[in-house]
Amino acid sequence: MVDKLTRHELLARASEGLDIEARAVESLKARMNDDFVAAGDLCMETPGRIVVTGMGKSGHISNKLAA
């Protein structure tokens, strides 16, 4: 059984997790290049539908693509 976290511990862990995710998202900017533009152009030029498959977060990703 897992010990219950204190309010302070829970907030600290949540903050740490958000910091990790923020750094990961920030690092993506440096990787955006002509390949990213080509992929975006291909998506925009594709008639019909784009099917996103996978396991886990593919549903979240497809919602972001649709937006």
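**The pocket and the chain around it**

Author: α2 (34-45) and α3 (58-66) each contribute at least two residues to the lining of the largest pocket. This is a predicted model, in which local features need pLDDT of at least 70 and side-chain atom pairs count only at pLDDT 80 or more, whereas totals for chains, interfaces and linings use all residues. Residues are numbered from 1 along each chain as its sequence is written, and side-chain values use heavy atoms, with hydrogens and water left out.

Reader: What makes a stretch of the protein chain count as a helix or a strand?

Author: A helix is a DSSP run of H or I with at least four residues, and a strand is a run of E with at least two, numbered from the N terminus. The protein chain has 3 helices and 0 strands, in the order α-α-α from the N terminus.

Reader: Why is the protein chain called more spread out than a compact globule?

Author: The globule rule is 2.2 Å times the number of residues to the power 0.38, and the radius of gyration is taken over C-alpha atoms. For 67 residues the rule gives 11 Å, but the radius of gyration is 18 Å, well over that value, so the protein chain is more spread out than a compact globule. Its C-alpha atoms fill a box of roughly 50 × 25 × 20 Å along the principal axes.

Reader: What share of the 67 residues is buried?

Author: Buried means under 20% relative accessible area, with a 1.4 Å probe and protein chains only. Buried residues make up 1% of the 67 residues.

How values were computed. Buried means under 20% relative accessible area, exposed over 50%, partly exposed in between (1.4 Å probe, protein chains only).
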